[in-house]
Each structure stands twice: as C-alpha cells, then as structure tokens.
Amino acid sequence: MTVMQIVQQLFNSMGITMEIFFVTLVTSLILGLGLALVRMSKSRVLSLIAKFYISVMRGTPLMLQLLVVYFGPFFIFGMQITPSYRLKAVLIGFALNYAAYFAEIYRSGIAAIPVGQYEAARLLGYSKTQTFVHIVMPQVIKRIIPPVANETITLVKDTSLAFTLAVAEVFTVTKQLVASQSSVVPFIVAGIFYYVFNLVVAVFFEYLEKRLSYYR
Amino acid sequence: MRLLEMNHIKKSFDGQEVLKDISIHVDEGEVLSIIGPSGSGKSTMLRCATMLETIDDGEIIYLGDAAAVSRDGHAVYAKAADLKKIHNYYGLVFQNFNLFPHYSVLKNITDAPMRVQKRGKAEVYAEARELLRKMGLEDREKAYPYQLSGGQQQRVSIARALAMKPKILFFDEPTSALDPELTGEILKIIKDLAAEKMTMVIVTHEMNFAKNVSDYVVFMDKGIIVEEGKPEDVFNSKNPRMKEFLGKFEE
C-alpha cells in the first residue's frame, strides 16, 4: 500500500470520528443542561439522583461504560445485538458520559450568576422561564466557554475509545493499518488529524469567546 | 390616595426576629425615608414590601389590593394572578444596581416594558430615550454597564425601574456603593423625582438627604420603629436612641 492509499483508507474513518464527535457534542450539551437543572432542582430526591448519576459517570472509565451500553441489552434483557448497534452504542455511551461533565460545568456557571440578577428580573416582572432564557443563560454561556472548550478538546481525543467496540473510526483503522502494513505512517497521519481537528476546535472557541467579549 | 400600607409586619430569620410588629404607610406623591443603624431591619422591611422576602405575619396592601393578610397569626398571600397585578405597582432600585451586564443601556431599560408589559417598541424606545435624557445619559444608550461609572449605572437602573411606570419606587440604600461625588448625582435625581411628585420609599444612610427630601421619616432600630414623623420632628427628637444615632452621624 502506498502512503496515498493509507491516507485514503484513513480518510474514510475520519467521517466516523467526526460523526461521533458532533453527535456527542450536541446531545450531551442538551442532556447536560437538563441534568444540571435536575441536579439543582428543589426536590432533594431528584437532585440526589442526578448527583449519583454524575458521580457514577465521572467515576468509572468511559471505556467500561461503552462496553456496558453495548453488551448490557444482551446480558440484562437478552436482546439480540446486531453489528449496526455498535456505532449507536458508542454514541449513546459518549452522550451519557459527557452529559455528566457538561452538567457540572453548567451548574458552576449557573451558580456563579449573582442572586441580584434574579431579584432584578423578578422586580421587573420577568417570569422564571424568561429570567432563565434571557437573563441567566446568556451570561452562563459566556462564563462556561473556557471549561466547555477544554471538555470538547478532550472529546476529540476520547472518540478514539470507540475502538473498544470496533467502530471504524480513525484510531481503530490506524491500529489495523499499522499491523497490516507494518508501517508507522498511519500513526503520523492519525496524529496530524487529531491535532488539526483540535486546532479547529480551539480556534472556534476562541472566536466564540471574542464574540461574547462585548460585555463583562 | 393611600398607595401602600404595611401593618404589623413580623419577620424572623432562623428564629431571629428581624421585624417586630412594624407598620408604615405611604400616600400618593409622598417620600418616605427609612433610616437606622445596620441590622435594624430597614432593608428587610423593603425586601418584604417588594416581596423579595415573605413576611411571617402582618398585612401588605397596595392601592387597596391586599397582597398579604394576617390570618390566625400568619400572613396569607394573595393568589399568584393578583400578586402579578400588584407587582406592577412598584419598582425597586438596588444598592448595587443589578443591571443586566449583557444588555446595552437602552436594552436594560426597554427589555422589560416590551417583553413583560408587551408594549410597542416605538413607544418604549421613545420613553426610554426621554428617561435617559432626564438622567443625563442620552449619549450612553449603546454602552454596556461595565463601561459606566457606578453613578451612571445607578442612574440607568433608576431609568430601568421608571420605564415600568411604577406607582411607587423603592430605593434600597441607592448610594451606599458610591463615593460622595457620585452619591450627589444620584441624590439630585431622586430630588428631581420628588419634585415631580413621584411616590418613593427610600432606605438611606444619607441623613441630610432624608431630612431635606422626605415628607415622612421612620427611624428603625432592632426591628422596631423607635421614632417617626415629619423630618423636622424626627431629627429634633428627644428620644435617647435617636439622639445617639444622629450624634454618631454629626461627629
């Protein structure tokens, strides 16, 4: 195989890596917000459940969680597992795991909004939803961009954990190519891919930060 | 016309009685100042009036509409829909402004009238600009709060409260976060509002201001009203606690 062919093969797997990345990012950012709200809810029971969930998701390896999501339906419910479920299991596992991290980031951001903002909004007659959507959330987003950027960069690299379920993303294919071609080229190509990917992510978040720097 | 009546207000925090049977009332066009040492309960009184805190017992009546009534030694609040209506009667200016940092000056003032009161944009903007002109901030409408001095921020927050057209405007130590120079500019604004017969309740440490601008002064200490009346009477009171408090200010 020529270097070009190796790059060609890896190129196909990059689409899968990006799919894992984008689907996880979108779903876990949404799930995470919901989870943060449950975690901060007045109901002690709900809050404790969310707290326990976050604790487990952050306290156990993502690789293990992926295996549980993949094999769980078979071992627990006796359901038939098809190969097409592999990618789905990866997406579910990633979303569930990253939601826990994002929930804690949201929580820190929401907790940092001064109580005076809520009181001012209340005095002006804003409803709770209006206050959250128009007054609190915009300020939260500005505050959490740096930690979210951090987590997102980690996510780019974590997509490689999908090799656990033999999903043909960049890392899985790289390992196969290195073994079959006895070449170190796939490692280098994969390294460049992840680095450039994260460079784009970092530049994007820097841009966001700048866009929101019109106020303090 | 009586705009606000608070009768026999009681409020405790964790068993600590902060308000012990306090009653005040405010008539239309009147300026009421509440003075007293820190911890006297005057800010709590204001927070109860604006319903940022709930009272334990007593009654709160705005323009004849009961927001809370006393029943069997406990305060019972009106239904949410009624409270929402009552809410429209008053506004509050905070000690530390609490402007929305992500909104421009103009948006800080116009957002609630449009979003909450559903008034038209043209009308709201015209009124907001008029308010800014009154506050001497006509050239700062595009600025963000962080770009303004404390005094300017407080003027924006007064404009924001006025834009809702409240019948009563409450001030919670509006100058306590400001240096003397900036304090002067805020006090002038409040004075102008008083001249326009705006009904106001002001919790303040500015004794001269309370003396000169108020129609009625309430002196609170340790959760009770020690002295109240016309400013000339209160500031010449023979009450030892009152004299001690004023003495400290004159030193």
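Begin with A:F171, which is partly exposed, at 28% relative accessibility. The model is a predicted one, and every value here is computed from it.

The structure holds 20 aromatic pairs over all chains. One of them joins A:Y98 to A:F102. The geometry of this pair is tilted, with 50° between the planes and 6.2 Å centre to centre. Both residues belong to helix α4 of chain A, which spans residues 85-111. A:Y98 and A:F102 are 4 residues apart, about one turn of the helix. How accessible is A:Y98? Its relative accessible area is 1%, so A:Y98 is buried. A:F102 is buried as well, and its relative accessible area is 1%.

Back to A:F171, whose partner is A:F163. This pair is edge-to-face. The ring centres lie 5.3 Å apart, with 70° between the planes. Why does the pair count as edge-to-face? Because the planes are 70° apart, and the class takes angles over 60 degrees. A:F163 has a relative accessible area of 27%, so A:F163 is partly exposed.

Chain A also has an aromatic cluster. A:F21, A:F22, A:F193, A:Y194 and A:F197 make up this one cluster.

Rings meet charges too. In chain A, the charged end of A:K142 sits over the ring of A:Y215, at 4.6 Å from the ring centre. In chain B, the ring belongs to B:F100 and the charge to B:R160. There, the charged end sits 4.7 Å from the ring centre.

Stay in chain B for the sheet. What is the strand order? The order is β7-β8-β9-β3-β10-β11, in an open sheet of 6 strands. The pairing is mixed. Strands of a sheet pair through backbone hydrogen bonds, either parallel or antiparallel.

Two strands of chain B form the edges: β7, at residues 90-93, and β11, at residues 224-229. Each of these pairs on one side only. From one strand to the next, the twist averages 15°.

Now the helix. Helix α1 of chain B, residues 42-49, packs on this sheet. Helix α1 touches β3, β7, β8, β9 and β10 of chain B. The direction of α1 makes about 145° with that of β8.

Finish inside the sheet, with β8 and β9 of chain B. Strand β8 covers residues 168-172, and strand β9 covers residues 199-203. The two strands run parallel, joined by 5 bridges. Opposite B:D172 stands B:V203, in β9.

How values were computed
Residues are numbered from 1 along each chain as its sequence is written. Chains are lettered from A and ligands numbered from 1 in the order in which they are written. This is a predicted model: local features need pLDDT of at least 70, side-chain atom pairs count only at pLDDT 80 or more; totals for chains, interfaces and linings use all residues. Side-chain values use heavy atoms; hydrogens and water are left out. Two strands pair if DSSP finds at least two bridges between them. Axes are lines fitted to C-alpha atoms, for helices over the stretch in contact, and angles run from 0 to 180 degrees between N-to-C directions. Contact means heavy atoms within 4.5 Å. Rings of Phe, Tyr and Trp (its six-membered ring) pair if their centres lie within 6.5 Å; planes under 30 degrees apart count as stacked, over 60 as edge-to-face and the rest as tilted. Buried means under 20% relative accessible area, exposed over 50%, partly exposed in between (1.4 Å probe, protein chains only). A charge sits over a ring if NZ of Lys or CZ of Arg is within 6 Å of the ring centre and within 35 degrees of the ring normal.
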